[in-house]
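Please open the structure in a viewer and keep the sequence at hand.

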Amino acid sequence: TYGELAYGLKDYAQYFLSKGIKKGDNVLVFVPMTIELYKILCAIFYIGATAVFVDAWADKNRLDQALTIVPCKAFIGCPKAFILKLMSKKVREVGINIISGKIRKTKVNIEIEPATPDTTALITFTTGSTGLPKAAKRTHEFLLEQHYVLKKHLQPQENDVDLASLPVFVLHNLACGTTSVIPDFNPQKPADINPKKILNDIKNNGVTTSVGSPRFYEKLAEFGEIIGLRKIFTGGAPVFPKGAKLLQEKFVGCNVEIVYGSTEAEPIASISTRQLLDFQGDVKNGLYVGKPINDINVKIIKPSDKAIEDFESMGLETGETGEICVEGKHVLKEYYNSEKAQKFAKIHYNGQIWHRTGDAGYLDNEGRLFLMGRVKNRFEHNGKEVYVFPIENALLEIDGVEIGTVLKINNEIVLVAETKIPKQKFEQELKIRNFEYDKLIITKIPRDPRHNSKIDYDKLKKILS
């Protein structure tokens, strides 16, 4: 209950203070998505310390890079997580070590210095365009603004029970007073779920809503029709019409909403699967993601691989494709100790801080937003700039194609697809649809480690090279 959580976090807060953790200290957290995690998190927030999360799939290099950017005073982890001490010199250097599950009530009662709106609550990492991790710094004020926008957009009802497969959304549910159900799965591997277990979680707990990655729901949908859910919100990766059709058909009587956003700005726009499937646009026009929400401002600027010096002169007209930039109260203002990333991704203009999303897209005459792919994945061919999303969408329209994309490698256009269609037959399908390419490769395509839903282009380029 909320009462048990409140009493528990106060005990945890006193324990952390007794160990020497205080307001402003960075605390590295490696605890699975359990009730214990949220007791620890709430206690860290309560004493004004900062919870630092590095992805569980991070290797030694990424761990060391992350902790160089954000040095931590304390490490709280499950017993298994302490193996990281063997992996990383930077983790070994952390002075205060606490094993989750061994946190006890203490007799001390240390006065708590309350957090203020500008106190940093949470730091997570996102991969930078240089390959170095960027430390996203979320203050208490930022988390509240994000919560207000999400509450307005997700519109939770009083008796909702939410199956949350994305860890940060449990914080949002706690702020709403919504019941959260944590599914029995590994959040780092949403494609490896046991659908039967998850469906039992939904049925046994009277789940009405859910938030998760597209891959999580696709794996559930493969099990058969699912009845009883009122609303699903999915994001973290593009959902093309093929994926939307699967979700629409399998989640019977459920409103499935696709949210477009990023670590730094969530949400930016959204669209229901029904709206996406009813839209009669050409696949060559990009992926329709709905209209931007009211709480955000969007500008499209000329694509550039450099920091932006003159924002105004970079602006594009309606219908022109460029980089999507956003501004609003729930848009991240700064990175922690990441000067290079700050200079590249943030633009100071007319007293506001704009964020470069790294996504290519455009706004049409009706104010609808279309995605064309990542800016860095564009390439030139026959004097024109080519963006990958329209091609990826067109590939998915071929029956039997799981996922596919196009890359330019050593001046050759390489079409890559994950499919069980025999190569000769696949080549015929491509010819009928007028696909242009120099080389065709049929192979398993690596997905991003976080959501296991979108193509890991950097890894794919390395494999092909």
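**A cis peptide bond in a strand**

Select Pro-267, which lies in strand β14 (residues 265-272); helices (H or I, at least four residues) and strands (E, at least two) are DSSP runs, numbered from the N terminus. The peptide bond from Glu-266 to Pro-267 is cis, its omega being near 0°. In general, most peptide bonds are trans, and most residues other than glycine have a negative phi.

This is a predicted model, in which local features need pLDDT of at least 70 and side-chain atom pairs count only at pLDDT 80 or more, while totals for chains, interfaces and linings use all residues. Residues are numbered from 1 along each chain as its sequence is written, and side-chain values use heavy atoms, with hydrogens and water left out.

**Two asparagines with positive phi**

Next, select Asn-337, in the loop between β17 (322-327) and α12 (339-345). Asn-337 is not a glycine, yet its phi is positive, about 50°. With a relative accessible area of 55%, Asn-337 is exposed (buried means under 20% relative accessible area, exposed over 50%, partly exposed in between, with a 1.4 Å probe and protein chains only).

Then move to Asn-382, in the loop between β21 (379-381) and β22 (384-386). Asn-382 also has a positive phi, near 50°, and counts as exposed at 63% relative accessibility.

Select helix α8 (residues 195-204) and colour its buried residues: Pro-195, Ile-198, Leu-199, Asp-201 and Ile-202. They cover an arc of only 150° around the axis, which puts them on the same side of α8; the arc is that of the directions from the helix axis to the C-beta atoms. An α-helix has 3.6 residues a turn, so residues three or four places apart point the same way.

The buried residues of α8 pack against β7 (161-164), α9 (214-221) and β10 (226-227). Turned away from the buried side is a face with the exposed residues Lys-196, Lys-203 and Asn-204. After α8 comes Gly-206, with a positive phi near 60°.

**A buried valine**

Which residues does Val-170 touch, not counting residues up to four places away in sequence? Select Val-170 in helix α7 (residues 167-176): Val-170 touches Met-33, Tyr-38, Ala-164 and Ser-180, where contact means heavy atoms within 4.5 Å. At 4% relative accessibility, Val-170 counts as buried.
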